Structure formats: structure tokens, C-alpha cells
Amino acid sequence: MPKVKVDGVEIEVPQGATVLQACELAGKEIPRFCYHERLSIAGNCRMCLVEVKPGPPKPQASCALPAAENQEIFTTTPMVKHAREGIMEFLLINHPLDCPICDQGGECDLQDQSVAYGRGHSRYAENKRAVTEKYMGPIVKTIMTRCIQCTRCVRFAEEVAGVEEIGAIYRGENMQITSYLEEAVSSELSGNVVDLCPVGALTSKPYAFEARPWELRKTLTIDVMDAVGTNIRLDSRGRQVLRCVPRVNDEVNEEWATDKTRHAVDGLVRKRLDRPYVRRDGKLHPVTWDEAFAAIASVDHGGSVAAVAGDLVDCETMFAAKALLKELGSSLLEGRQTGMDYDTSSLAAVNFNTTIAGTEEADAILLVGSNLRWEAPLVNTRIRKAIKKGAKVFAIGPETELTYKVEWLGADLAVLGSLPERVTEAFGKAAKPMVILGGAALKGAHGAALGLVEKLGLVKDGWNGFNVVHMAASRMGGLMLGYAQKTGISALYDAKLSFFLGADECDHARFTGFKVYVGHHGDRGAHDADVILPAASYAEKSGTYVNLEGRVQRGERAVFPPGDAREDWTIFRALSEKLGRTLAFDTIDELRAAMALDCPELATLGLKTFAWNPPALGGSAEGVLDGYPIKDFYLTNAICRASPTMQRCSAELVHGESFAEAAE
């Protein structure tokens with residue numbers, strides 16, 4: 001490890017570290033605009049200049065200069081100070097003085113660094129250059145006159161998102177950043193360029209002019225739009241969530257979030273259920289809570305009671321419903337709304353065992369029936385990293401664009417029984433092989449995929465390469481709590497009383513008994529219900545969630561539910577009292593204590609490792625896959641379907657409507 005001196009203090013730095021990283025290890029702040037830890041080095045902005053000896057008698061760009069043995073680095077000399085002031089002066093030559101109306105105000109790196117490292121006044125008296133606005137789609141708003149050409153957005157689109165639709169045209173002072181043919185950026189990760197932009201050139205279009213950052217209350221929670229468990233922060237004002245941004249968690253989402261995660265929040269205030277309803281004479285009528293509970297209590301169910309968990313519910317809700325059903329003498333619990341009936345006797349066999357971060361280490365990957373770009377976009381970005389390290393990727397299923405090179409083996413699941421020699425050869429040479437089973441193949445190919453474990457050597461000391469991709473935030477938590485029947489959801493169809501916990505994706509018409517919908521949006525489940533009990537969304541309650549790799553995480557409440565809506569677990573607690581079967585918890589802490597006794601894995605936060613004891617399912621996979629479960633990435637749940645932004649994204653990016661048509 002090289003030893004260097006930073007402002008007279010000697011430190012050791014890792015081999016291959018840059019001078020900028022060495023300065024940070026020494027506790028020195030180095031200003032930068034183009035440099036970002038997760039992107040390649042560009043060396044565009046020159047703001048990170050330092051003085052280095054031995055070396056040329058001029059400042060050096062620390063982000064692009066390797067740290068070497070016996071280097072002396074100076075970060076506060078007059079030469080460095082003068083150079084930074086000069087760079088800042090050049091960066092501000094064409095920058096407009098529109099900070100009061102800029103959405104980046106208060107969070108702008110250019111503002112902060114101009115105060116800390118700039119001259120404090122301008123000597124520029126010429127005409128400023130102006131750049132026409134570019135169109136980048138329904139997510140990203142552009143004011144390109146503010147752009148300082150750091151190219152962070154270009155590098156993110158190419159290196160992380162894998163969609164090379166943002167680039168630079170012209171050169172020198174005339175250089176401009178634009179999307180390809182000035183059309184919408186098709187990446188489902190495009191919103192991340194707003195966070196990456198160090199100035200106000202790229203801002204959030206749905207959030208434009210809504211609020212200033214100092215007005216917002218910030219709440220740390222967990223995303224429920226998919227099963228990745230993205231760590232997010234909800235920014236709210238009053239009783240409305242105005243913005244969602246990702247938090248840094250290197251084990252889960254790094255510092256990225258999908259566009260659905262970021263911008264579905266405007267659906268939280270639309271189509272909401274804010275009072276109980278009871279169906280009378282074929283029509284739903286608003287009632288009091290007592291009247292709604294009385295309608296449920298009047299059902300003669302004889303212990304035939306079922307609960308269907310929706311895709312967005314938390315573990316507390318599922319446990320409260322399970323506890324009530326147990327008091328009523330029933331165990332008819334199911335969370336797989338769309339009819340899946342795969343074996344759940346071993347949680348390891350339905351878990352993402354490699355872990356999300358571990359995906360980067362795989363050197364041979366087989367995707368089976370998974371459009372990973374839509375099912376788990378932030379797992380897809382990890383596969384791109386693995387490919388950069390030399391991994392080979394094969395896939396079984398209908399061909400689709402996954403943002404990286406894939407060798408498609410056809411859509412016939414029978415291929416699992418006789419993999420081509422080039423595939424077995426690649427896996428034979430692999431130190432860390434990996435199979436990812438998606439929703440399209442999970443039902444019919446689970447046993448055949450488990451058979452690949454021994455054939456391809458997927459499980460070794462310190463490595464488990466068998467993975468299942470779930471698409472619902474509640475799925476792993478539900479399986480841990482027992483929300484699964486051997487025959488799937490069909491076992492619940494004849495129940496005389498059914499509770500739907502935000503379950504909007506199942507076929508409600510097949511349930512013959514009395515239907516109670518406990519949810520937050522007037523979506524499909526509410527339309528078919530006999531009683532509606534208004535509940536809280538993920539932003540309006542504290543909840544525990546388990547992501548697809550078995551990581552237990554907890555989110556906090558950002559705002560309160562609207563109207564008479566209540567937190568889900570409190571609804572079941574109150575209903576149990578009305579039914580004469582009072583549940584043994586009055587607070588959420590008591591509920592979590594009871595839940596921990598029922599399912600010890602949920603007692604503590606963090607990654608849970610399930611012992612590898614797969615069921616001996618056997619059998620061969622048959623059939624041809626004709627599609628993937630997710631047909632429209634932007635409209636996968638009730639919140640998204642209520643969101644104008646997601647509807648616009650669906651119209652423009654999925655269905656190809658023009659900007660004018662989508663705007664209408």
C-alpha cells in the first residue's frame with residue numbers, strides 16, 4: 001500500500017486509489033462536480049485541483065491522478081486556492097442567475113462550492129450563452145442553460161442504466177447535453193440523473209415548483225413498489241408526501257431508485273379510501289366503523305375464513321390478520337394472488353440466496369423466465385457489473401432488451417433438461433455460478449431449476465447460486481408468516497368470509513363468500529367488496545418488510561392516513577374485539593413482540609440466511625414461455641394506477657404514445 005503525505009500528514013492508501021481518495025482518507029474536503037464514486041472518471045470540471053510533488057509545477061486534477069509512493073499532496077496552498085477560484089469563475093460564466101426559481105436551490109453543489117471556493121464576485125461582462133431546453137420524457141425536466149457539462153448523466157445512462165440515450169453534441173463552449181433525437185429517455189432508472197446533476201440543469205418534472213427542501217419533513221422508510229426493498233426517504237409537507245428519494249445502502253440499492261419508486265407518490269393522494277363502505281342492494285354506501293364491523297360480524301362463516309395478502313402490505317398487517325383468523329379457527333392464508341402454487345416448504349428454495357450485492361461476484365449467470373429489467377431493476381444493474389468483470393449471461397424466455405449482452409437459449413422450458421454444451425462448459429469453469437428463476441417459470445419449472453443445483457454446481461462453501469426473483473414487497477414476509485397453501489389461492493375460493501389485505505391483483509369473482517377489502521385505494525379489490533375498511537398506505541404507517549433476499553427492514557410513518565382511514569393492524573385489533581375474539585396486543589410494540597414469537601426471523605432487522613434444504617420436487621419442465629408476468633412496468637399496483645405520472649410514463653414509454661397524446 002502506497003504511503004503519501006497530505007498537507008504534511010502521512011497516510012497509507014489502498015493500491016490503485018486516486019489522489020482525491022487519498023485526500024478524503026486524510027479527512028480533507030476536495031470540491032468536485034464531475035467525479036462520482038459509482039461512475040467512471042471523466043476529469044471534466046477540474047474543480048478538484050491540488051498541488052502534488054514531485055510533479056509538474058501546476059495544479060493537478062486529483063480525481064484522475066493515481067496516488068503513488070512518497071507523493072506529497074497539498075490542498076490549501078495559494079496556488080490551489082487561486083486555481084479553484086479561477087475554475088469556479090469559468091463555470092459561472094454562462095450560468096444563469098436564477099437561483100430563486102431553481103428547484104435545485106438549497107441542495108445545489110454549485111451554490112455550496114461557489115460560496116466555499118469561489119471569488120465572491122464576477123468579473124464577466126460579456127453576453128451569456130443560452131441553450132434551448134431538451135425533452136427527456138415525463139420524469140426529467142431540463143433547463144440546459146444551467147448545465148456545466150460534468151457528464152454525470154451521460155456516464156450514468158451508459159454505465160449503470162445501460163441505456164445509451166443521453167450524450168453530448170458539439171464541442172467547446174457550444175457543447176450541449178441532450179437525449180437521443182431529443183426523445184424521452186426510456187430507462188426505468190432515468191430519475192437518478194436528477195440526483196446526480198450537481199446543478200439545476202436536470203430536475204424532477206413531477207416535483208417542479210412544489211416545495212423547497214427546508215420546508216419538508218424527512219422520513220426514512222422502505223419502498224414497496226418491488227421486492228428489492230429499496231431504502232428511501234419520503235419528504236412530506238403537512239399531510240402529503242411530495243417527494244421520494246433513495247438512501248444509500250450498498251447491500252441493497254446502492255444509492256439508486258427506480259422511476260416507479262420515486263414518482264408513484266403522487267398516487268398517494270388520489271383515488272383514496274377515506275371512510276368505511278358497506279354494499280347494500282348492489283351499491284356501496286358510506287357507513288361508520290361500527291356499522292361496517294357489524295356487517296362483518298353478521299356473517300355466519302363457521303370458521304371458514306380466508307385472508308389474501310396484497311403485494312404492498314407489511315408484516316404487521318399480515319400477522320394481525322393471521323392472529324384474527326387463528327382466533328376464528330382458520331388457517332386459510334395466501335399471498336400469491338395470481339395463482340402461483342410453487343413449493344414453499346423450504347424458504348431457501350424460494351429465496352434470492354446469492355444476495356443482491358453478491359450478484360456482482362457471479363461469473364456465469366442463467367436467467368430462467370425473468371425479465372429482470374422490470375421485475376427487479378436494481379438487481380439488473382448488479383448483473384451489468386458482473387458482466388464488466390467477465391461474467392457470461394444466458395437466458396431462457398422470450399427475447400427482450402435487458403440492457404446487456406445475453407445469449408438467448410429459446411423460450412422452451414425443456415431446455416432446462418438438456419442445456420447446450422457451451423452453457424454447461426461455461427458453468428463448469430465458473431467459480432461462482434448463478435441461476436435466477438423468474439415469475440414466468442416459477443410455477444412450472446421450480447423443480448427442474450432445483451435440479452440444476454447439483455448439475456451446475458450452484459451451491460458451494462460460502463456460495464449459493466440458486467435464486468428466485470419475487471416481484472411483491474410482501475412476498476418473502478408473507479411466506480415466512482405462512483401465507484401459502486399447497487394448492488395456491490384456489491384453496492381459498494370457497495371461504496364464507498374473505499379478507500383482502502390490499503389484494504387487487506387476484507380474481508375476486510372466484511371468491512364465493514362475503515368479501516372484506518382492507519386497503520387504501522379504490523382499485524379492483526374495492527370494486528368487488530361487500531365491505532370496505534379504509535387502511536393506511538406504506539407512507540402512513542410504520543411497518544416491517546422482507547425483501548427478496550430475506551433482508552428484514554423497517555420503515556417509519558411519514559404522514560397520517562386521510563379521513564377515517566386507520567393503520568391496518570389497528571383495524572384487525574378493533575374488529576377482533578367486535579367479534580368477541582380480542583387479540584392479545586394493544587400497541588405496535590406488543591404486536592411485534594407477538595410476531596417475533598410466531599416467526600423468530602422477524603425479531604431482528606438484517607439479512608436472514610435460510611438453511612439450504614431444498615425439497616425433492618423432481619420432474620421436468622415443459623411448455624413454452626409466451627411472456628413475462630409484468631406487462632406494464634409503470635402500472636403494477638393500486639398506487640401506480642392512481643398516479644398521473646405513472647400513467648404518463650406508461651402511455652409514453654410502454655405504449656408509444658407521442659408527447660402531445662400523452663399530455664392530453
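Reader: Which element gives the most to the lining of the second largest pocket?

Author: In this predicted model, two elements give two or more residues to the lining of the second largest pocket: α9 (372-375) and α12 (439-455). The one that gives the most contributes 4 residues, and that element is α12.

Reader: What is the volume of the second largest pocket, and which residues are closest to its centre?

Author: The second largest pocket has a volume of about 800 Å³. Its lining is made of 40 residues. The closest to the centre are D311, T338, M471, P629 and I630.

Reader: How much space lies in the largest pocket, and which residues are closest to its centre?

Author: The space in the largest pocket is about 1200 Å³. It is lined by 49 residues. Those closest to its centre are E107, V194, D195, R243 and V245.

Reader: Which element gives the most to the lining of the largest pocket?

Author: Elements that give two or more residues to this lining include the helices α3 (109-117), α5 (192-196) and α6 (259-263). The strands β9 (202-204) and β12 (240-246) are also among them. With 7 residues, the element that gives the most is β12.

Reader: How many charged residues does the lining of the largest pocket have?

Author: By class, 21 residues of the lining of the largest pocket are nonpolar and 11 are polar. The charged residues in this lining number 17.

Conventions. Residues are numbered from 1 along each chain as its sequence is written. This is a predicted model: local features need pLDDT of at least 70, side-chain atom pairs count only at pLDDT 80 or more; totals for chains, interfaces and linings use all residues. Side-chain values use heavy atoms; hydrogens and water are left out. On a 1 Å grid over the protein atoms alone, a cavity is a set of points where a 1.4 Å probe fits but cannot get out, and a pocket is an open set with protein on both sides within 12 Å along at least five of seven lines; lining residues have an atom within 4 Å of a point. Grid points are joined across faces, edges and corners, and a volume is the space filled by probe spheres set on the points. Ala, Val, Leu, Ile, Met, Phe, Trp, Tyr, Cys and Pro count as nonpolar, Asp, Glu, Lys and Arg as charged, and the others, Gly among them, as polar.
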